[in-house]
Amino acid sequence: LTLLETASAVITGSTFSNCSGNCVLTTDEAQATLSDNTFSESPDALAIQVSENSNAKILNNKISDVKSAVVFVDNATGEASGNTIENFINIGIFVKNSSSPMLTNNTLSLGDDYFDEAVGISYQASAAGEARGNQFTNLYLGISLDGDAAPVLDSNTLDFCRTGISYSGNAAGTANANIIQNGDSGILIDSPASPTITNNTIQAYMYAVATVPENWIEKLNFTGNHVIDGPPEITIVTVTPSN
């Protein structure tokens, strides 16, 4: 399904499978709302691509067994909210060029499978926008930021991801109030990336937070974070019943 020029469509309750290329593509200045659809069995395809100056609302869809689930490119805008994205091969949600979507309350997981390069959300080039309240589980990398990307990452939960959040290139933006736990590395920052890291709870078995060079963290706004290197803290509470 392709929407061109100034086309406008509401697509709901549909099933897309065995796609080649893109299951749904919006381009030019098209407007689309995609809700409660199922995308599956398309390992070589992108489920939804929002490109050029188009705008899409991607709500409560179930997406599995695709190469990538949602891609925002060029100057695309819109939102992806409440989607369940499972068993993707490459990137769950890809945001690049100057696109700036709102990504909220999505679940990104590989289930029992594991792909060496699977990334939950990837921001590249000058991408911006906001990722808030998303759940990441069992991924190689939860959130990747490169180029001049500068989104806001707020209140996301990253559990059992090998690496939680990775900043490289000139990436910036803010990571605030995220919970990162049960992975090898929590947050990795490669100079000259310069994000603001505040009020996060970060636990990892190897490095909760690591920067290259090691003293690069001293040049960053890194405040209010609760950091644990090693196994997560276990709190035992004894309650004595009373009559």
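Close-up 1. Glu130 has a relative accessible area of 16%, so it counts as buried (under 20% relative accessible area; exposed is over 50%, partly exposed is in between, with a 1.4 Å probe and protein chains only). This is a predicted model, in which local features need pLDDT of at least 70 and side-chain atom pairs count only at pLDDT 80 or more, while totals for chains, interfaces and linings use all residues. Residues are numbered from 1 along each chain as its sequence is written, and side-chain values use heavy atoms, with hydrogens and water left out. Glu130 pairs with Arg132 in a salt bridge, with 2.5 Å between the closest N and O atoms. For a salt bridge, a side-chain nitrogen of Lys or Arg has to sit within 4 Å of a carboxyl oxygen of Asp or Glu.

**Close-up 2. Arg132 and Asp154.** Arg132 is partly exposed, at 35% relative accessibility. Its side chain also meets that of Asp154 in a salt bridge, 2.9 Å from N to O. Asp154 is in strand S20 (residues 152-154) and Arg132 in strand S17 (residues 130-132), so this pair ties together parts 22 residues apart in sequence. Strands here are DSSP runs (E, at least two residues), numbered from the N terminus. Through shared partners, Glu130, Arg132 and Asp154 end up in one salt-bridge network. Asp154 is buried, with a relative accessible area of 11%. The structure holds two salt bridges.

**Close-up 3. Asn83 in its loop.** Look between strand S11 (77-81) and strand S12 (84-86) and you'll find Asn83 in the loop. Asn83 is buried, with a relative accessible area of 1%. Its side chain makes a polar contact with the side chain of Asn106, at 3.0 Å. That term covers N or O atom pairs within 3.5 Å; within protein, one must be able to donate a hydrogen and the other to accept it, and residues adjacent in sequence count only if both atoms are side-chain atoms. Beyond its neighbours within four places in sequence, Asn83 is in contact (heavy atoms within 4.5 Å) with residues including Ile58, Leu59 and Thr107.

**Close-up 4. The disulfide of Cys19 and Cys23.** The sulfur atoms of Cys19 and Cys23 are 2.2 Å apart and form a disulfide, which takes a pair of cysteine sulfur atoms within 2.5 Å. By this rule there is one disulfide. The link of Cys19 and Cys23 is right-handed, with 115 degrees about the S-S bond. Cys19 and Cys23 are both buried.

Note on methods
Helix = DSSP H or I, 4+ residues; strand = E, 2+ residues; numbered from the N terminus.
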